Amino acid sequence: RVTPFGSTINIVLLFKLIDGLTEIEAHTAIQLAEFKVARRLAEAVRSMIPESVEVFELSKVDDSLPRVVYIFGCVTEWHHPHSGVAYYGMPIGESLPTFIHPNELLDGALTTDARRGSGIMVNTWSYMNHPLVFQLLREHGKRLNFLGVILQRTRFEAELGKQITAEVTSQMARLLGAEGAV
């Protein structure tokens, strides 16, 4: 097994785009088609009983547990119209750090540029199945109080962008009362 996909059932979509689309228009068209296929697949299995269910909630826990936040470094690109990473379909190329519930990752809120199918780029499946996020969720209420995830883009044209996002991320973690960050 060379990739995690070697043990999964996969559906491959092939697209032929019309001429004249911008990069963002092409991404949007592909992503909308992917959403339609995903919806139809979900509708087809809606009545099926899953083999197992794991529930993740950030419920109130013992105040003595260490308060932990996960800082998710999103490798973005600055030399393309699409940053390579999107949050609810919007490229995060110019965004400041964003605090999210970890279940948003599991639900597919963070996606990659739909125009690229490269085997070397991070893909949406990897965001949805992030082992560290799963481990933090499983430890919530047992060994720690998992506060959530801060999305922080990591590639910039200038040092100033790195400094600003580092400061905003740090301030966000402090305001959340985090005692530790991963």
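A salt bridge is a side-chain nitrogen of Lys or Arg within 4 Å of a carboxyl oxygen of Asp or Glu. In this predicted model, the side chains of Arg39 and Glu43 meet in such a bridge, with 3.3 Å from N to O. Arg39 and Glu43 are 4 residues apart in helix H1, so about one helical turn separates them. Arg39 is exposed, at 59% relative accessibility, and Glu43 is partly exposed, at 43%.

The structure holds 5 salt bridges. Among them are the pairs in this table.

| Pair | Closest N to O distance |
|---|---|
| Arg138 and Glu54 | 2.6 Å |
| Asp63 and Lys60 | 3.7 Å |

Arg138 forms its salt bridge with Glu54. Arg138 belongs to helix H4 and Glu54 to the loop between H1 and S1, so this pair ties together parts that are 84 residues apart in sequence. Both partners are partly exposed: Arg138 has a relative accessible area of 33%, and Glu54 has 45%. In the pair of Asp63 and Lys60, both residues are exposed.

**Overall layout**

The protein has 5 helices and 7 strands. From the N terminus on, they follow the order α-β-β-β-β-α-β-α-α-β-α-β. Of the 182 residues, 32% are buried. Among contacts with a separation of 6 or more, 74% are between residues 24 or more positions apart.

**The sheet**

Four strands form an open sheet with mixed pairing, in the order S4-S6-S1-S7. Strands S4 and S7 (180-181) stand at the edges with a single partner strand each, so one side of each has no neighbour in the sheet.

How many of the 9 residues of strand S6 are buried? In S6 (residues 145-153), 9 of the 9 are buried, so the strand is largely enclosed by the rest of the structure. Strand S1 (residues 67-74) runs parallel to S6 and is joined to it by 8 bridges. Ile71 has Ile150 as its bridge partner in S6, and Phe72 has Leu151. Strand S4 (residues 98-100) runs antiparallel to S6, with 3 bridges between them. Here the bridge partner of Ile100 is Val149.

**The core and helix H4**

The largest nonpolar core has 22 residues, and those with the most contacts inside it are Phe72, Leu110, Val149 and Leu151. Two or more residues of this core come from each of S1, strand S2 (85-87), H2, H4 and S6. Leaving aside residues up to four places away in sequence, Leu151 touches Phe72, Cys74, Tyr87, Pro97, Thr98, Ile100 and Leu110.

Helix H4 (residues 131-139) has Val133, Phe134, Leu136, Leu137 and Glu139 buried. Its buried residues pack against S1, helix H2 (102-106), helix H3 (124-128) and S6. Just after H4, Gly141 takes a positive phi of about 85°.

**The surface**

The accessible surface of the protein comes to about 12,000 Å², and carbon and sulfur atoms account for 57% of it. Which residues make the nonpolar surface patch of about 600 Å²? They are Ile11, Leu13, Phe15, Leu17, Ile18, Leu21 and Leu41. One of these, Ile18, lies in the segment before helix H1 (23-45). Ile18 has a relative accessible area of 63%, and residues over 50% count as exposed, so Ile18 is exposed.

Terms used:
Residues numbered from 1 in each chain as written. Predicted model: local features only at pLDDT ≥ 70, side-chain atom pairs only at ≥ 80, totals over all residues. Heavy atoms only, no water. Buried < 20%, exposed > 50% of the residue type's maximum accessible area, 1.4 Å probe, protein only. Contact = heavy atoms within 4.5 Å. Areas by Shrake-Rupley, 256 points an atom, 1.4 Å probe, with all protein chains shown as cover. Patch = residues over 30% accessible without salt bridge, like charges linked within 9 Å, V, L, I, M, F, W, Y side chains within 5 Å. Pairing = 2+ DSSP bridges. Core = buried A, V, L, I, M, F, W, Y, C linked by side-chain atoms within 4.5 Å.
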